[in-house]
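Open your viewer, keep the selection panel handy, and follow along stop by stop.

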Amino acid sequence: MAITGGVATLLLLALVHFSHSFPSFSLEEEFEFKSWMYQHDRVYDLDEYYHRLRIFTENKKRIDFHNEGNHKFTMGLNQFSDMTFAEFRKSFLLTEPQNCSATKGNHISSKGQYPDAMDWREKGNYVTPVKNQGHCGSCWTFSTTGCLESVTAIATGKLMLLSEQQLVDCAQAFNNHGCFGGLPSQAFEYIKYNNGLATEEGYPYTARDGTCKFHPDLAAAFVKDVVNITMFDEMGMLDAVANRNPVSFAYQVTPDFMHYKDGVYSSKMCHNTTDTVNHAVLAVGYGEENGTPYWIVKNSWGTMWGKEGYFLIERGKNMCGLAACASYPIPLV
Ligand SMILES: *[C@@H]1O[C@H](CO)[C@@H](O)[C@H](O)[C@H]1NC(C)=O
Ligand SMILES: *[C@@H]1O[C@H](CO)[C@@H](O)[C@H](O)[C@H]1NC(C)=O
Ligand SMILES: *[C@@H]1O[C@H](CO)[C@@H](O)[C@H](O)[C@H]1NC(C)=O
């Protein structure tokens, strides 16, 4: 009897020890993580595996909890699901604050009636496919090329892919900082005074800071003027998207955005001021769903993220500061 009790105690101690050195996850959790790893081509060593599994499981719980609640948008697993928000912010977002504000913009509104919905992807061949910035805080360059690609196509009928890397490597004199951030309005200024931007093929993307390799022969798209929309004038943004072209804007990404999947994003976590914006994107249209007006936005996190690379965000409330610093270029064609 005494011996059996002793063995049982030893076994129990061994089990307690075992579960401390190897974190315990359910088979289902490990299965889910392994399928995700397979889908996203991830390989880790053993320590990293358990570290990432823990973060993944926490993210998954947050996603499931959100999706059980009553929200206008759903969340889902994506390529960021093994990262904490702190890691995500460091690799993919702009450092704050950016010099984002145009107290007096130069967009002239038509003050007309606007169609209920607009989508430049359906108006013609005006929007290039969603791109992927990789591990570099270069969202501002993708917002910039996306906008210049579209305004040039609207003016000429010719849609071409333009170079983000040139902006990463060369636009420093206009307060841009390569993989460490910048703003579309400042990048448009650079393109205007630099006399042009190369094509994607002419100056390919590396997702790393490099030395400037631009020379005038590479220039393929040009900016005649930069139009800034007055700070917090979301109606000005609507006027521009309805009547002219897609518009570059910046806003604040908070942890609830990282796993956006579908529906109209809206948040109580984010701020609406100019000093907290940390991501730049491109509004390519707008509409309304179940009484909630939204913007249709092209992101630069690949097509596996969100709605095939796009997201919808609530319109009309300066949600997350999205009207803090919007701009677009007038192309020189
Ligand atoms: C903001 O503008 C000031 C003055 O031009 C400049 O020194 C500073 O580096 C800018 N900040 C960023 C984040 O670009
Ligand atoms: C638009 O914004 C850019 C970058 O902040 C600035 O350099 C430029 O002067 C502004 N343009 C106008 C017309 O206000
Ligand atoms: C920002 O949000 C606050 C609180 O909801 C609101 O009172 C304020 O008007 C908003 N400011 C802007 C510029 O949108």
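Helices here are DSSP runs of H or I with at least four residues, strands are runs of E with at least two, and both are numbered from the N terminus. You are looking at a predicted model, in which local features need pLDDT of at least 70, side-chain atom pairs count only at pLDDT 80 or more, and totals for chains, interfaces and linings use all residues. Residues are numbered from 1 along each chain as its sequence is written, while chains are lettered from A and ligands numbered from 1 in the order in which they are written.

**Stop 1: ligand 2**

Select ligand 2, then Ala102, Asn106, Ser185, Gln186, Glu189, Val226 and Asn228, the residues around it (C-beta atom, placed from the backbone, within 6 Å). Two elements, helix 8 and strand 5 (223-228), each give two or more residues to this shell. Which element gives the largest share of the shell? Helix 8 does, with three residues. By class, the shell has two nonpolar, four polar and one charged residues. For these classes, Ala, Val, Leu, Ile, Met, Phe, Trp, Tyr, Cys and Pro count as nonpolar, Asp, Glu, Lys and Arg as charged, and the others, Gly among them, as polar.

**Stop 2**

Axes are lines fitted to C-alpha atoms, for helices over the stretch in contact, and angles run from 0 to 180 degrees between N-to-C directions. To see the contact (C-beta atoms, placed from the backbone, within 7 Å), pick Trp140, Thr141, Ser143, Thr144, Cys147 and Leu148 in helix 6, which meet Pro184, Ala187, Phe188 and Ile191 in helix 8. This contact has seven nonpolar, three polar and no charged residues.

**Stop 3: helices 2 and 3**

Now select helix 2 and helix 3 (residues 46-68), whose axes come within 10 Å and cross at roughly 100°. The pair is therefore roughly perpendicular. Show Glu29, Glu30, Glu32, Phe33 and Trp36 of helix 2 meeting Leu53, Phe56, Thr57 and Lys60 of helix 3. Here the contact has four nonpolar, one polar and four charged residues.

Notes. Contact = placed C-beta atoms within 7 Å. Parallel < 35°, antiparallel > 145°, perpendicular 65-115°, else oblique.
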